[in-house]
Each structure stands twice: as structure tokens, then as C-alpha cells.
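Reader: Hi, I have just opened this one and have never looked at it before. Could you walk me through it while I ask questions as they come up?

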Amino acid sequence: MTSPTPKRRLPIGIQTFAKLREDNCYYVDKTGLAIDLIESGSAFFLSRPRRFGKSLLVDTLKELFEGNQALFTGLAAETRWDWTRRHPVICISFSDGVLQSRASLDQRIGEILHEAAQDLGVEPGAAESIAGRFSELIRRAHERHGERAVVLIDEYDKPILDNIDQPETARAMREGLKNLYSVLKGADAHLKFVFLTGVSKFSKVSLFSGLNHLTDITLDPEYSALCGYTDEDLDTVFAPELPGLDRDEIRRWYNGYNWLGESVYNPFDVLLLFRKRRFKPYWFETGTPTFLVKLLTERRQFTPDLGRLVAPETLLSTFDVDTIPTEALMFQAGYLTIASEHARPGRTDFQLKYPNQEVQASLNDVLLQSLSGDLSAPGPQISRLWDLLEAGDPLPLKALFHAFFASIPNDWYRNSPIAQFEGYWASIFYSHFAALGLDIRVEDTTNKGRIDMTVLACGAVWIFEFKVVELVPEGRAIAQIRAKGYAEKYRDRGEPVHLIGVEFSRAERNLVAFDVETLS
């Protein structure tokens, strides 16, 4: 009989490779992929959402190039790496603290360069400018150690993103970072390897204009799992932690991030689940997307469209302080991921989706707060909605939504841009159901048309059609459901099918019709 695999320490919050290895933590071996990357080129960029293991990856690369062989015992790198050569490594990270001015950024860069020079035993040169000091540091490191230098930059974009709601400051940060990073191309003769990582991919005409030699591996299928855990990782490395947890539920809650290769889990979620043994939105709760929600509200985003946006590959990289496409922001920040790829002559389009239940439910919960102007209102509503769905009676839904719309203050309607467009009403409905993480089909195609919204929940099918009227109900919503036979698509499920026609009045700012028919 095989003895069970012993438990190890969960590496929660550990971003240092040496500490993780020396403290007997679980470790998903990425060293083979790291060496594949190093052997394939010399300068790379990787974008991944926050808390996805980017800092640990950077530190792993540092330990490899510095030749700390003992840390890699039993890993793929142990037999694949040339441990006889050691390279000087310059690490630059903006992960700590918040910088709010160009002066503070320049000061921090100066401190980083000074510390790096000390660590490498390099005398500071005569240059006074940041670009000059960085260039001298790279050259002198090469001369001092007899091997070309390695530059690893973690959270390269954080000073910009921390100020993205202050465009003038963000632009100043961008120019300051551009001044630093522009050195890398000219220093190529002294560099063995360069690796930049962050959340966002800024457009080539702004921050990356001096870095056109970088290979972007963000959407390279080979490196899709360079950060994050795969299903196999959970079933092998973390096997001792799985008993007592629903494996399918783990997958539904936290898996699904995809960059054209194998889908992965966010490590932060998985590790906290194993520690606390409860399903919660751990990742989402560490950074409420205030700027994103504000942007979606200002742009009158129809929330049912969020989980099915289509974007060309070029748009996902079109990100700058003054140009922030909704699709690019949501994809790069981790609120949407790639569902499928569609190649066409001269271009590639991506169908986007929510990665998993955590993101779908949590984002729509926050969006509901914005849509109603009340942080506390949606919570009890969503809980009550689940109770009504479980009861299987659609009629009480009318009172639930009527009361919600009636509770929204008149002043908020007047002052909120999103309340002025027709999609607002359906967005409220959709985000209620999405906040429960339910199976929702928007613009659900049938042989006679498209259903506005279908929800599969609690052993029943809930079909919704929405109409906006001036004042009095017209009965057109339920009539359309019947006339086009929308229920036929779901007859073979053997479940009750609830037909629900909803009409909103512009004048009343509320429901004026909620017609229901149930087919057994």
C-alpha cells in the first residue's frame, strides 16, 4: 500500500524562491519552462494579472542566473542548467509602495540603481542622469563579473497604473519609466537576458517605443502556464490538500484563465482555499476594480455584453494613459480571458469571457452597487433572488425587482450617465443573476430569433425578454416569447420552463409589466 503524500507548507504570500524552497513549501516546477524561454531568445515581456506569481517567476530567474544550484535539487533545472557560469543580475521592482509624482519615481529609481551597484560590487560612474547611471551599471557589471548582465524588471507598469485615474501624473510616470527602459536596447552588447513583467501591455508608440526588441510572450501558447497552476498541478502537487473539497467546484470557482494554451488557476485563490477550506472570492477581494467600474459606468456599458465581448488581437495591446479600450483593460487586468480564437485573413479576433465564477459573480456584484448608487442595496437582493429561484416560482421576482428599482434615489437617476440609456434596465436584471455565478446565455440564439436572456438554474429554465415603453404596458415582451417559440429550444431538458416578459417604463423608472407563463 502506497503511503499518502505528506503535506507541505502553503506558500501564501511568499515571492522569494529561496524562502519557498528552504521552508519546505509546495512548489509547482516552472523551471523547465523558464529554461525553455531562456534558450529561445534574450529579451522578453510577459503580461499577467496581479497576484499571479509573476514576482516568484522573476526571483526564480534570478536564482538560476546567479547559479544557486542547491535551491533547484529535484527540479527540472537541476540537470538542464549550466551551473558553472554565473551572471550578474540587476533586479528592478516597483511592487512596493505607491509613487505619486515623477520626482518620487526618479528618486526611487536612483535608490534601486544604487542598491544594485552595491550588491554587484560595482563602483558608481560619473553619469548623473538616470539613463546614464543605468547604462553604466549594466556595462560595469559585465566588466566586473566577466559575464554579460541579466536585467529582470518586475511590475514594470505599476507606477503608471497606480495613477491611471490621474492622467497627467500617469503620463509623467510613463515618460520617467520610458527614460529608464530605453537604455536596454542600446546596452544589448552587455546583456545576456532581459525580462519585463507587469499587468498591462502599453502600446508600442508610448512606453514600448524604445523596446521593440522585446518578444511578447503574453499570448504564446507554449508559455500560457508559465504563471498559474494547471489542473494537473492541483491533482499532483497539491493532492494532499484536495480531500474534503469538491474538485469540480474548485475548477468552476477558480480555473479558466487562458492565454491561448492550457487554462490555469490563479495561485492566490487556490492557496487560500486550501488554507481556509471555504470558497470565497479571495483574489477579487484584494483589489476592487474602482477605476474599471467607473469607466464602465461612464461608457454606459451594457453589462450583459461583458461576458461575450469580441476583440481583435491588436486591440488587446492598445493600452495607454489616453487610450484605454474596455476590452484591453478587462483582459489585461484578469476580469476577462480568451474563450476562443478566430483567424481571418490579415487579423485574429478573440472571443472573450469571464474566466470563472469568482470573477463573474464578484464583478457583477460591484457593478450592481454602481448601477444602483447604493453600496448596501444589492447584497440582500441577490440573496433573496437565490431563495426565489430555489423555490421555483417566478411570480415573486416581480416584487423583488420592483422594490429594487423603486429604492434608487431620483437624484441618482438624474446625475448618472448609465441610467440614461435603455440597456440600463436589462443590465440591472443581468447583473443580479450574474452575481450568483449562474449559467446565463445572453442573446440566446434559436431557429426563430434571439432570446434576450436565458438562465439555467435550480432545475428550471428561465427565459427573459425585455422591452422599454413610455408609460403603459404593451404586452410585447411575453408575446414575442410565445410567437417565436423560444421555449422549444429547452423542451428536451425535462425541466420547467418559465417564460417571463418584462417591460420597463421610462416615465415610471420601474417595471410596468412582468408577465409569466410556466411550461411543465
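This is a predicted model: local features need pLDDT of at least 70, side-chain atom pairs count only at pLDDT 80 or more; totals for chains, interfaces and linings use all residues.

Reader: OK, and where do R252 and E249 sit relative to each other in the helix?

Author: They both belong to helix α11, which covers residues 247-254, and because they are three residues apart there, about one helical turn separates R252 from E249.

Reader: Why would two side chains like that pair at all?

Author: In general terms, side chains that carry opposite charge can pair when their charged atoms come close.

Reader: How accessible are R252 and E249?

Author: R252 has a relative accessibility of 40% and so counts as partly exposed, while E249, with a relative accessible area of 22%, is partly exposed too.

Reader: And how many salt bridges does the structure hold?

Author: The structure holds 30 of them. One is formed by E143 and R139, whose closest N and O atoms are 3.3 Å apart. These two residues lie four residues apart in helix α6 (residues 130-145), so they too are separated by about one helical turn.

Reader: Is E143 buried or exposed? And what about R139?

Author: E143 counts as exposed, because its relative accessibility is 53% and the cut-off for exposed is over 50%. R139 is at 29% and therefore counts as partly exposed.

Reader: Which residue does R491 meet in a salt bridge?

Author: The partner of R491 is E488, and the N to O distance for this salt bridge is 3.5 Å. Here R491 is partly exposed at 41% relative accessible area, whereas E488, at 52%, counts as exposed.

Reader: Which residues are linked in a network of salt bridges?

Author: There is a network that links D231, D235, R247, D248 and R251 through salt bridges.

Reader: Changing topic, in what order do the strands of the open sheet run?

Author: Five strands make up this open sheet, their order is β2-β3-β4-β1-β5, and they pair in parallel. At the edges are β2 and β5 (215-216), each of which pairs on one side only.

Reader: How many bridges hold β1 and β5 together?

Author: Strand β1, made of residues 43-47, pairs with β5 over two bridges in the parallel sense.

Reader: Last one, where does G423 lie?

Author: G423 is in helix α20, which spans residues 423-434. It is buried, because its relative accessible area is 13% and the cut-off for buried is under 20%. Between G423 and G501 there are 16 Å in space, C-alpha to C-alpha, although the two are 78 residues apart in sequence.

Key: Residues are numbered from 1 along each chain as its sequence is written. Side-chain values use heavy atoms; hydrogens and water are left out. Buried means under 20% relative accessible area, exposed over 50%, partly exposed in between (1.4 Å probe, protein chains only). A salt bridge is a side-chain nitrogen of Lys or Arg within 4 Å of a carboxyl oxygen of Asp or Glu. Two strands pair if DSSP finds at least two bridges between them.
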